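I opened the model to go through its charged and aromatic side chains. My notes follow in the order I looked things up.

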Amino acid sequence: MPGPTAANPTAPAPRLRAFTFAAPSRFYALTGWLVPLCWVAALGLTAVGLYMGFFVAPTDATQGDVYRIIFIHVPAAWMSMLLYLVMAFWAGIGWAFNARLASMVARSIAPTGALFTFLALWTGALWGKPTWGVYWAWDARMTTELILLFLYLGYIALVNAIDDTRRADQAGALLALVGSINVPIIYFSVKWWNTLHQGATISVTAAPKMASTMLTAMLLMTLAFWAYAFAVVFMRTRAQILERDAHAGWVAELAREKIRP
């Protein structure tokens with residue numbers, strides 16, 4: 001008689017789990033100690049990045065000190081686009097493979113992406129007034145960035161308007177995937193149309209068009225925004241896990257451990 005590890009060609013093949021995601025309980029435990037680290041990184045990088053951007057970086061020869069808003073505006077604009085693609089990716093994974101955790105992560109990303117999109121639009125308006133003479137012009141990049149904000153808000157409204165969680169995740173995934181076509185339009189808008197918005201200052205194929213201290217400050221702020229995004233997305237996902245798995249045994253055990261003296 002073959003042992004428990006012997007191959008048995010007549011036995012049914014085990015079900016493939018090529019796209020198995022971490023269990024919500026494991027994700028909850030892992031992010032429990034990651035969240036404080038992300039907050040520390042976000043606060044530290046923000047302090048250093050703002051100090052370098054506002055006090056160390058030289059004054060721009062053309063725009064003067066008003067240009068310093070780019071240390072918030074540009075990283076926020078980058079984050080608004082990248083987070084939308086990440087949200088659409090996880091929403092699509094959740095829809096395609098019925099992965100609950102992926103759908104929860106997508107939902108958690110949406111408010112942070114909307115926040116960065118609003119921040120990019122707001123700081124852009126503050127930059128535009130002294131530079132172009134107006135707070136808002138229906139520039140191609142401005143308009144497509146505004147559409148991005150509406151896509152974020154539409155996704156949030158849609159997934160919260162449907163009571164059935166699975167149907168809400170599927171509908172949100174469809175909207176997120178269709179809306180992702182707007183991201184490359186935002187990026188290439190300054191090349192495709194004659195716009196007020198300046199072209200890319202940083203490119204992977206060319207040397208930076210700014211002083212090294214300016215570039216360092218901008219990259220530090222970008223890392224700070226990433227750390228903040230990880231922190232709040234993890235926190236929202238943890239809250240969703242507790243809400244959706246409220247009747248699971250591990251959640252009950254977690255609650256008992258917290259109330260023990």
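**Entry 1: Asp-169 and Arg-107**

I began with Asp-169, which forms a salt bridge with Arg-107 in this predicted model. I read 2.9 Å between the closest N and O atoms. I then checked where the two residues sit. Asp-169 is in helix α5, residues 165–179, and Arg-107 is in helix α3. They are 62 residues apart, so I logged the pair as a link between distant parts of the chain. Buried or exposed, I asked of Asp-169 and Arg-107? Both are buried. I followed the shared partners next. Arg-107, Asp-169 and Arg-244 are joined into one salt-bridge network.

**Entry 2: the other salt bridges**

How many salt bridges does the count give? It gives 4.

I looked up Asp-245 and found it bridged to Arg-100, with the closest N and O atoms 3.1 Å apart. Asp-245 lies in the loop between α7 and α8 (249–259), while Arg-100 belongs to helix α3 (residues 100–132). The pair therefore ties together parts that are 145 residues apart in sequence. I compared burial for the two ends. Asp-245 has 11% relative accessibility and counts as buried. Arg-100 has 38% and is partly exposed.

Asp-65 and Arg-68 were next. Their side chains meet in a salt bridge at 3.1 Å, N to O. Asp-65 is partly exposed, with a relative accessible area of 47%. Arg-68 is buried, at 8%.

I turned to Glu-145, found in helix α4 (residues 140–161). Glu-145 is buried yet has no salt bridge. Which side chain of opposite charge is nearest to Glu-145? Arg-141 is, at 6.7 Å. A salt bridge needs the nitrogen within 4 Å of a carboxyl oxygen, so Arg-141 does not qualify as a partner at 6.7 Å.

I then listed what Glu-145 does touch, leaving out residues up to four places away in sequence. The contacts are Ala-77, Ser-80, Met-81, Thr-117, Ala-120, Leu-121 and Ile-186.

**Entry 3: aromatic pairs**

I moved to the rings. The count comes to 13 aromatic pairs. I took Phe-89 and Trp-90 as one example. Their ring centres are 5.0 Å apart and their planes stand at 75°, so the pair is edge-to-face. Phe-89 is partly exposed at 48% relative accessibility. Trp-90 is also partly exposed, at 26%.

Phe-230 and Phe-234 gave another geometry to note. Their ring centres are 5.7 Å apart. Phe-234 counts as buried, at 14%.

Phe-27, Trp-226, Phe-230 and Phe-234 form one aromatic cluster.

**Entry 4: a charge over a ring**

The charged end of Arg-238 sits over the ring of Tyr-28, 3.9 Å from the ring centre.

Asn-98 has a positive phi of about 50°, although it is not a glycine. Where is Asn-98 found? I placed it in the loop between α2 (70–97) and α3. Its relative accessibility is 46%, so Asn-98 counts as partly exposed.

**Entry 5: confidence**

The mean over the chain is 87, and 84% of its residues reach 70 or more. Which elements mark the lowest and highest mean pLDDT? The lowest is α8, at 75, and the highest is α5, at 97. I also recalled that α5 holds Asp-169.

How values were computed
Residues numbered from 1 in each chain as written. Predicted model: local features only at pLDDT ≥ 70, side-chain atom pairs only at ≥ 80, totals over all residues. Heavy atoms only, no water. Phe/Tyr/Trp six-rings, centres within 6.5 Å; stacked < 30°, edge-to-face > 60°. Buried < 20%, exposed > 50% of the residue type's maximum accessible area, 1.4 Å probe, protein only. Lys NZ or Arg CZ within 6 Å of the ring centre and 35° of its normal. Helix = DSSP H or I, 4+ residues; strand = E, 2+ residues; numbered from the N terminus. Lys, Arg positive; Asp, Glu negative; His and termini not counted. Contact = heavy atoms within 4.5 Å. pLDDT = per-residue confidence, 0-100.
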